[in-house]
Amino acid sequence: PNLCILGTTTCGAYSHKVGHYTQTLDGRTLLGCPALTSKDSESRTILDEILCRSSDFNLQKSDDIEIELWNKLLVNAVINPITAYYQILNGELLKAKYEQDISSICDEINGIRVGLDLPMIKHPVEKILNVAALTHSNRSSMAEDIRLHRKTEIDFINGYLIKKAKLLGLPSFNLEKWYNAIASRTDSYAQHI
């Protein structure tokens, strides 16, 4: 608890086979300390050392890593289940027919943030569409998991948000809709393995 560095990356990669990866998106890896970490903590000292030594992963320091993690959670909670369910490339989400689902999930996530006394994520639908445009020819990791009959991260993404909503007494209809869509797809695949 006294030593904590958080991180997130926008670099993308996929595995051809065990031990073989292809980078699909150049990005950045953000590292930072939780907001409550004191300015003179060991975590901040270690973070500064990491950032000084490494040049391999486009590492950058974030002064608000927690909002970066929420932004990443937002993107994954929207893009992953929709693309996985329909088995589409990320860029397909730019089509108008997905707008309502994208907007509804974003609204529920912002409701959770407000319930946690956190500021709303600004322009969440725009964030989703920007990522979909930048990664238009990529398949989400969850879409690949479904296609390859693997366990998905739905419990750790949408499942996490649903638990938060329930604890706060907030609606999570859309998060649950997509959670159940992926869980049922995974279950049906599991029966065929």
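In the predicted model, helix H2 (65-86) and helix H6 (158-168) each contribute at least two residues to the lining of the second largest pocket. The largest share, three residues, is supplied by H2. The volume of this pocket is about 190 Å³. Its lining is formed by Asp64, Glu66, Ile67, Trp70, Arg113, Leu116, Leu118, Pro119, Tyr160 and Lys164. By residue class, six of the lining residues of the second largest pocket are nonpolar and four are charged, with no polar residue represented.

Helix H2 also takes part in the packing of helix H4 (residues 124-134), whose buried residues make contact with H2 and with helix H3 (99-115). The buried positions of H4 are Pro124, Ile128 and Ala132. Viewed down the axis of H4, these buried residues fall within an arc of 75 degrees and therefore line one face of the helix. An α-helix has 3.6 residues a turn, so residues three or four places apart point the same way.

A one-sided arrangement is also found in helix H1 (residues 42-53). Helix H1 comprises 12 residues and spans 17 Å from its first C-alpha to its last, close to the 16 Å expected at 1.5 Å a residue. Ser43, Arg44 and Leu47 are the buried residues of H1. Seen down the axis of H1, they fall within an arc of 95 degrees, so they line one face of the helix. The cover over these buried residues of H1 includes strand E4 (29-32) and strand E5 (59-61). On the other side of H1, by contrast, Glu42, Cys52 and Arg53 are exposed.

Conventions:
Residues are numbered from 1 along each chain as its sequence is written. This is a predicted model: local features need pLDDT of at least 70, side-chain atom pairs count only at pLDDT 80 or more; totals for chains, interfaces and linings use all residues. Side-chain values use heavy atoms; hydrogens and water are left out. On a 1 Å grid over the protein atoms alone, a cavity is a set of points where a 1.4 Å probe fits but cannot get out, and a pocket is an open set with protein on both sides within 12 Å along at least five of seven lines; lining residues have an atom within 4 Å of a point. Grid points are joined across faces, edges and corners, and a volume is the space filled by probe spheres set on the points. Helices (H or I, at least four residues) and strands (E, at least two) are DSSP runs, numbered from the N terminus. Ala, Val, Leu, Ile, Met, Phe, Trp, Tyr, Cys and Pro count as nonpolar, Asp, Glu, Lys and Arg as charged, and the others, Gly among them, as polar. Buried means under 20% relative accessible area, exposed over 50%, partly exposed in between (1.4 Å probe, protein chains only). The arc is that of the directions from the helix axis to the C-beta atoms. Contact means heavy atoms within 4.5 Å. The expected span of a helix is 1.5 Å times one less than its number of residues.
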